[in-house]
Amino acid sequence: MISTSSVTMRYGSKLLFEDVSVSFTDGRRYGLTGPNGAGKSTFMKVLTGEIDPQKGNVVRPRKFGVLKQDQYEFDAYRVIDTVIMGNKGLWAALEEREIIYNKAEMTDEDGSRLGELEGIVGDENGYEAEANAAVLLQGLDIPDELHERTMSELQGGQKVRVLLAQALFGDPEALMLDEPTNYLDLESIHWLQDFLIRYSGTVITISHDRHFLNAICTHTADIDYQTIITYNGGYDDMVLQKTSVRTRIENQNEQREKKIAQLNDFIARFSAGTRSSQVNSRKKEVERLATSELARSNIARPFIRFDMLRPSGKNVLEFENVSKSYPQKDGKTEHVIQKFSASVMRGDKVILMGRNGQGKTTLIKALLANAPGVDESDTQAIDAGEVKWGHEVQIGYFAQDHTASIPKGTTAAEWLHSFDPKATKEDIRGILGQMLFRGEEGMKKTEALSGGEAARLLFCKIMLQKPNVLIFDEPTNHLDLESINALNQAIQKYEGTVFLVTHDQDLIEEAGTRIWHFEGGPTDFHITDHKGPYEEYEQKMAMASK
């Protein structure tokens, strides 16, 4: 069991949570939720022992796995060794054993120590360590040929999956995962869901993926009101329970306030008369009925709404036999997109989905290379084929590396104003307020923006431009659950055309009306174009596999 007793943490003058006493029971899977800035990562670091609480105590199991956030920490090590390092005791024994074996001559003391080390290796299943690590890596789509490579040779998304395997290695009693689905594709997320559901220990995970939390969580520990309250069920269950409790208290307070008003009216009318005993009785009743003071919630919900200045033509985009390839270091050519053709109509909401590295972002950048009004520097011309954008198309683009889209050396408000010089300060302040830039936060320097703030500022820009085509490449990576839900609803209500690269299953299922599924490897690569929602596509695929 993992538990905290009277834990308090502050960040500067800001109180994150106070006197938190909470237990995480063996065998249960907990989602740790709360808005950005509520203290989720801080609390996770307290649980893992990375930082000490400013007040209070923590009890944790002997063996637990932690998902590392620093992708570069293990660059000098083999992939397979990086996974085995998840069992610190085993890895220390293996390293010490290797040092002794490499000695030119061993002493009696070395021989005795070797016996102790072999005992540790045996107790920790060290003789099967590489085989067990390989199984985890294969499950996370790290092929065998990469297991002997160094971590520095892997791409960012691959490194995250290796670090996830490291956290899962060694049969830990508990897993503590901070944003484990970041940079994972949908197939890897499904694999992780299945793994965690089968896992017998305690799981505590921070995630902004609502579908993931609903799929795996037996309980939800929510950070709000400067404390942590545990609810039964997944994220949606928590929201319903939390809203119900809050509504009940507010209704009780409303009834109490009406009764108090009546009693105070009686006291005011008769306090100077002969009915003093009744007045005193009423005063005691007022004290008894004093309303429960409701703490203010940390949750702030942005308001996202995408409007259009004018609609596009009926045919938004047509392209034929589009191909895109990249030269490799060995002189060979990697064909990422091969002769893909499609026609997109006004109002289509196209979801680009598939495993990482299969060309989703490449296709977006290739289609944007000759798009009207797009001045992003990272677009890429196609090798072959023809792309034709339709009449009156106006594009709002959210790049995967969206921080590069915002220049440094200005403020959020000044940068936003440059896209509509006719807008008043009140207009700019209003749209910033919709995306939770309160008061003077709009004067924040662009180089000081967090990933989440930069994402919200880009949404401000797109809302100000009022385009009729939205192109979003992984827009949820730095958003909290409230912002992702707001984005989901805004896309559903939008009357224009959408191209959306995402691994968020709720967005795929609820916002999309058409699927481009990127599949296959270097020799059999293809894109399936399904004109219909994801649920319908899933049913079609299930029928085809029978």
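This is a predicted model: local features need pLDDT of at least 70, side-chain atom pairs count only at pLDDT 80 or more; totals for chains, interfaces and linings use all residues.
Let me start with Thr497, which is buried, with a relative accessible area of 0%; buried here means under 20% relative accessible area, exposed means over 50%, and partly exposed is in between, with a 1.4 Å probe and protein chains only. Thr497 has its place in strand S16, residues 497–501, where helices (H or I, at least four residues) and strands (E, at least two) are DSSP runs numbered from the N terminus. Leaving aside its neighbours within four places in sequence, Thr497 is in contact (heavy atoms within 4.5 Å) with a list of residues that includes Val316, Val344, Asp348, Asn468 and Leu470. Gly347 is also on that list, and its backbone nitrogen lies 3.1 Å from a polar atom of the Thr497 side chain.

Residues are numbered from 1 along each chain as its sequence is written, and side-chain values use heavy atoms, with hydrogens and water left out.

Now for the chain as a whole. There are 17 helices and 18 strands, and of the 546 residues, 48% count as buried. The C-alpha atoms fill a box of roughly 100 × 80 × 55 Å, taken along the principal axes. Among the contacts with a separation of 6 or more, 68% are accounted for by residues 24 or more positions apart.

Which residues touch the most other members of the largest nonpolar core? In that core of 49 residues, they are Ile84, Leu137, Val162, Leu164, Phe169 and Leu196; a nonpolar core is a set of buried Ala, Val, Leu, Ile, Met, Phe, Trp, Tyr and Cys residues joined through side-chain atoms within 4.5 Å. Helix H6, residues 156–168, gives the most to this core, with six residues. If we take Phe169 and leave aside its neighbours within four places in sequence, its contacts include Val83, Ile84, Leu90, Ala129 and Leu136. A second, separate core of 44 residues includes Ile406, Ile428, Ala490 and Ala511.

Let me turn to a sheet. It is an open one of six strands, in the order S5-S6-S7-S3-S8-S9, with mixed pairing, and two strands pair if DSSP finds at least two bridges between them. The edge strands are S5 (64–66) and S9 (227–232), each of which pairs on one side only. From one strand to the next, the twist averages 15°. Helix H6 packs on the sheet, touching S5 and strand S6 (174–178), and its direction makes about 155° with that of S6; the axes are lines fitted to C-alpha atoms, for helices over the stretch in contact, and angles run from 0 to 180 degrees between N-to-C directions. Further along the strand order, S3 (residues 29–33) and S7 (residues 202–206) pair in the parallel sense over four bridges, and Leu32 stands opposite Ile206 in S7.

Gln226, in the loop between strand S8 (219–224) and S9, has a phi near 65°, a positive value in a residue other than glycine, and at 38% relative accessibility it counts as partly exposed. Asn321, in strand S10 (residues 315–327), has a positive phi of about 55° although it is not a glycine, and Asn321 is partly exposed, with a relative accessible area of 38%.

Key:
A polar contact is a pair of N or O atoms within 3.5 Å; within protein, one must be able to donate a hydrogen and the other to accept it, and residues adjacent in sequence count only if both atoms are side-chain atoms.
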